[in-house]
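Here's a quick tour of a protein model, written for someone who likes to know the cut-offs. Have the viewer open as you read.

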Amino acid sequence: TMPRSPKRWFEGGKRLLDLLFPLGNYGVGARVNRVTWNTPGCYWVITKVKYNKRAVQEDGSIHLGKVWGTLYWRDEQKGRADRRVPGHCKKRWQVLEESPIADRPPLERGRLHRKYYLHL
């Protein structure tokens with residue numbers, strides 16, 4: 001028998017930190033969800049982002065780190081607020097609504113030595 005090829009259950013999507021980095025305030029306050037979620041009103045509200053100082057790319061962007069947020073399922077909060085977002089490294093995320101905060105504090109090398117935190 002021939003091996004089965006894996007099915008693609010989704011099309012599109014990016015890693016979460018790739019989506020959040022170019023946004024205002026680096027994505028803190030943005031609403032995001034997985035492209036595989038079909039239920040309306042299901043999303044994460046990003047509350048904190050931690051970028052890894054060793055992952056600075058040539059263009060100045062950072063694609064490694066950790067993300068915290070609050071999960072809303074059918075517009076009701078599930079679990080505790082400000083918890084780690086699971087699967088943030090998978091390429092299955094999309095932005096639903098950007099942060100209302102448009103500020104973008106500069107990422108300075110001196111601040112990145114001790115890891116860089118952003119809080120909402």
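Predicted model: local features only at pLDDT ≥ 70, side-chain atom pairs only at ≥ 80, totals over all residues.

Val45 sits in strand β2, where strands (E, at least two residues) and helices (H or I, at least four) are DSSP runs numbered from the N terminus. Is Val45 buried or exposed? Val45 counts as buried because its relative accessible area is 19%, and buried means under 20%, exposed over 50% and partly exposed in between, using a 1.4 Å probe and protein chains only.

Skip the neighbours within four places in sequence, and Val45 is in contact with Gly29, Ala30, Arg31, Trp68, Gly69, Thr70 and Tyr72; contact here means heavy atoms within 4.5 Å. Val45 and Asp82 are 37 residues apart along the chain, yet their C-alpha atoms are separated by 9.0 Å.

## Where this comes from

Residues are numbered from 1 along each chain as its sequence is written, and side-chain values use heavy atoms, with hydrogens and water left out.

## Strands side by side

Strand β2 (residues 43–51) and strand β3 (residues 65–73) run antiparallel, joined by 8 bridges; two strands pair if DSSP finds at least two bridges between them. On the other pairing, β3 and strand β4 (residues 76–84) are also antiparallel, with 5 bridges.

Tyr72 is a handy landmark: Tyr43 stands opposite Tyr72 in β3, and Tyr72 in turn stands opposite Gln77 in β4. The hairpin of β3 and β4 has 2 residues between the strands, and Arg74 there takes a positive phi near 55 degrees.

## Thr70, a buried polar residue

Thr70 belongs to strand β3. Thr70 is buried, as its relative accessible area is 6%. A polar atom of its side chain lies 3.4 Å from the backbone nitrogen of Asp82.

Beyond its neighbours within four places in sequence, Thr70 is in contact with residues including Tyr43, Trp44, Val45 and Thr47, plus Gln77, Ala81 and Asp82.

## The nonpolar core

Which residues touch the most other members of the largest nonpolar core? Leu16, Leu20 and Tyr51 do, out of 20 residues. Helix α1 (16–20), β2 and β3 each supply at least two residues of this core. The core is a set of buried Ala, Val, Leu, Ile, Met, Phe, Trp, Tyr and Cys residues joined through side-chain atoms within 4.5 Å.

## Cysteines and a loop proline

How many disulfides are there? The count comes to 0, taking a disulfide as a pair of cysteine sulfur atoms within 2.5 Å. Cys42 is buried, with a relative accessible area of 2%, whereas Cys89 is partly exposed at 48%.

Pro22 lies in the loop between α1 and β1 (31–34) and is exposed, with a relative accessible area of 55%. Pro22 and Ile62 are 40 residues apart in sequence and 9.8 Å apart in space, C-alpha to C-alpha.

## The whole chain

The protein chain has 2 helices and 6 strands, in the order α-β-β-β-β-β-α-β along the sequence. Of its 120 residues, 38% are buried. Among contacts with a separation of 6 or more, 64% come from residues 24 or more positions apart.

Methods: Polar contact = N/O pair within 3.5 Å; in protein donor to acceptor, adjacent residues only side chain to side chain.
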